[in-house]
Structures are given as C-alpha cells and as structure tokens.
Amino acid sequence: MTTPIRVCVIPGDDAAPEAMQASQRVLARLDLPIEWDHVLPGRELSELDATERETVVHGQIDAANTVLFGATNGTTPGARYMRWGKLTFANVRPIQWRPGFRSPLKDPEEIDYVIVRENLEDMYVGIMGEAKDLINAGLTDARSRLPAGAEDGRFAAKIITRPGTEQVARFACELALERSAKLTVSAKTNMLPATDRWFCEIVREIAQEYPGLQYEQFIVDDMAHRLVIRPHDIDVLLLPNLYGDVLSDLGAGTIGGLGLAPSGCYGNDFAYFESAHGTAPDIAGMGIINPTATLLSAAMMLRYLNLNAAADRLNKAIEDVYLSGSVLTPDQGGNAGTEKFADAVIGEL
Ligand code: ATP
C-alpha cells in the first residue's frame, strides 16, 4: 500500500480563512489521494499562548508533505518556520492573465511570466537598529551620504550572500529553460553596487552555465515601468527579496488584482503554497474575499505533488468561471460572495 500524501492546511488570519474554507470545498470535489490535516484558524489559535501555538502548528507542518497556507497577520505562526526553518529560498509568483480577469491594462492578453523572488536574504534578515550604533562601530565612512542628525536615525541592513544568490539563480535558470529560455534580472545596480550589482553579477555568472539561456538585466525602477508598459516581454524575472515582494504586487495589479495571484515557496526538500496577497483585514467577515489566488496556489501545490491531472482540472474549472463571467467576486466587478464563487468552480468541475 502506498503512503497517502499528507497536506497541512493553515487557514490564517482576518479574511484568509474565508478564502481557505471555500477552497477546501472545491478541493474536496477533486477526489485527491490526500489526507488533510487542518490547523485552527488564527482567531481560535489565539486562545493558546504563543509558545503552545507554535508547538502545535510547527508539529503539524513537520508531519506533512506540504502546506497550503492562508495569509497571516502574525497571530497564526508557521510562516517564519516554513521560510527560514525549512529554507524555502525561492518564492515563485506566476503573473498570468486569463480571459475574464479584470485587468486595468488595454492589452492584457498573453501576459504570462513568473517572478522568482529570493526568499531568505536582503532586507528580510531582520537586522535593524539605531544608526548611532553603526556610526560608533565605525561602519560608516567618507563615502557614506549620512544626512544631518543621522545619530538619531535608524537603519535596516540588507545582506546578500553568494551561496544564497547562486542557489536561487540556478532555480530561476532551470525554470527559464522549461519556459522560453529567457531570464530577466533586476535590482538597483547603479546605487547599490555592494549588494545589488553583485547579486546581478553572480546571477549572470550562473546563467552562463546554461547554454542557450538568454540573459537580460534592468535597473529595478526601469523594471517597474516595463512591467506595466511591456509585460509581454518578460518570461522569468529573478529579483532580490524586497523588490520581489513589491513588484509581484505590481504584477498582480496588471492582471486584475491581488485576488488572482498565487505563489509557492520552494526549498531543496520542502515547499509550501500561499496566495501572494495578505490577510485583507478590511474585508474580513464580509464573505467577499476572492479565493482564486488560494485556489491557483492549490493548483501549484497539486503539480508539486505530481497530481498534474487534478491541477489541470482545477485550473480549467477556474478559467471557465472567468470565461463565463457571470459569478465573480466584487474585486472582479461581480457581486458574488466567496462561497458562491466556489460553488461556480465546483459546478465547472
Ligand atoms: P501583507 O502586508 O500581509 O502582504 P497587504 O498590506 O499587502 O498585506 P493585502 O491583505 O494583500 O494587504 O490587501 C491589500 C488590498 O487588497 C486590501 O484592500 C484587500 O482587501 C485587497 N485584497 C487582497 N486580497 C484580496 C482577495 N483575495 N480578494 C479581494 N480583495 C483582496
């Protein structure tokens, strides 16, 4: 007998559990060879103290093959553990317009690229503090452009490493070879040579190991402009962590909004899947959060689990709902609630 696949479902906080609950109903219709292990929604977890909460959730994560994760506002633990504990270094965020998605662009047809965001380094290393400590430690020099009053300022450190960059660069190169063999890389190379130019230089070196791979590089402000003006030119876009976070929301905006943008975080022996959006606190409890991003993340998860036929069925059912356009959530110009949208996907299945 084969061991069943175990998936841990973490609903998360604010409006995220509403999207997750609707998505679970859809997934239940796919007859998957999966044993689901449900973590409590954040509002119920908050009855436990912080340590108990972590022990429970981390234990459920450890017992699973993968995780479908709703967004967290900090109440639900697990995100930090799955990222830095399980070293999921590549955050993959597909930006794909599908017919019926309410894009603000005139020609969104065929926008179809993938952002690979380095997921562990950069400004997310969590080193922050008082600027006077840097000054007193002699870490500023004549080239620093310290403003007047810097002693009373604060700093946040950005750290880029060679192994971290090489690892995510290889991941992005391999993904690019599976697609149209073109890799685009971007960072603030002109202003930040120590970190950003170095990041791009390392990626370029790695890209040269892959014959036939086309490499291009843009400064990140130009990149933001290109993602709006010429999104069709991009296929795989590799970015350091912070720019990846910001530009993937921008990319989601170009195809119709955050409710449509899935993501997956991949390490060498673990991956988890979550929508690119946050917890949407402003619409919590209203039953109108769009579950598409969660469902598309679930489809990415099914591919990771080699359940490709189920992933195809799910993608097709979502596409059919958007094609018909009669049952859409308010962010897409419709007046259906989250559950009604899920019913429409189930209908297409
Ligand atoms: P985070 O910092 O956790 O990424 P955020 O500040 O980017 O979160 P989001 O939670 O992503 O904020 O929400 C940004 C806006 O987009 C909010 O107005 C929210 O209601 C809306 N939004 C996000 N996700 C969805 C969704 N799935 N359906 C409808 N609206 C959404």
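A polar side-chain atom of His277 lies 3.2 Å from a nitrogen atom of the ligand, where a polar contact is a pair of N or O atoms within 3.5 Å. The side chain of Asp282 has an N or O atom 2.7 Å from an oxygen atom of the ligand. With Asn290, a polar backbone atom is 3.0 Å from a nitrogen atom of the ligand. On its own the ligand has 620 Å² of accessible area, and the protein covers 61% of that; such areas come from the Shrake-Rupley method with a 1.4 Å probe.

This is a predicted model, in which local features need pLDDT of at least 70 and side-chain atom pairs count only at pLDDT 80 or more, while totals for chains, interfaces and linings use all residues. Residues are numbered from 1 along each chain as its sequence is written, and side-chain values use heavy atoms, without hydrogens and water.

Next comes helix α10, residues 292-304; helices are DSSP runs of H or I with at least four residues, numbered from the N terminus. At 1.5 Å a residue, times one less than the number of residues, its 13 residues should span 18 Å, and the end C-alpha atoms are 18 Å apart, which agrees. Eleven of the 13 residues of α10 are buried, meaning under 20% relative accessible area (1.4 Å probe, protein chains only). Just after α10, Asn306 takes a positive phi of about 65°.

The whole structure has zero disulfides, a disulfide being a pair of cysteine sulfur atoms within 2.5 Å.

Conventions: Helix = DSSP H or I, 4+ residues; strand = E, 2+ residues; numbered from the N terminus. Buried < 20%, exposed > 50% of the residue type's maximum accessible area, 1.4 Å probe, protein only. Polar contact = N/O pair within 3.5 Å; in protein donor to acceptor, adjacent residues only side chain to side chain.
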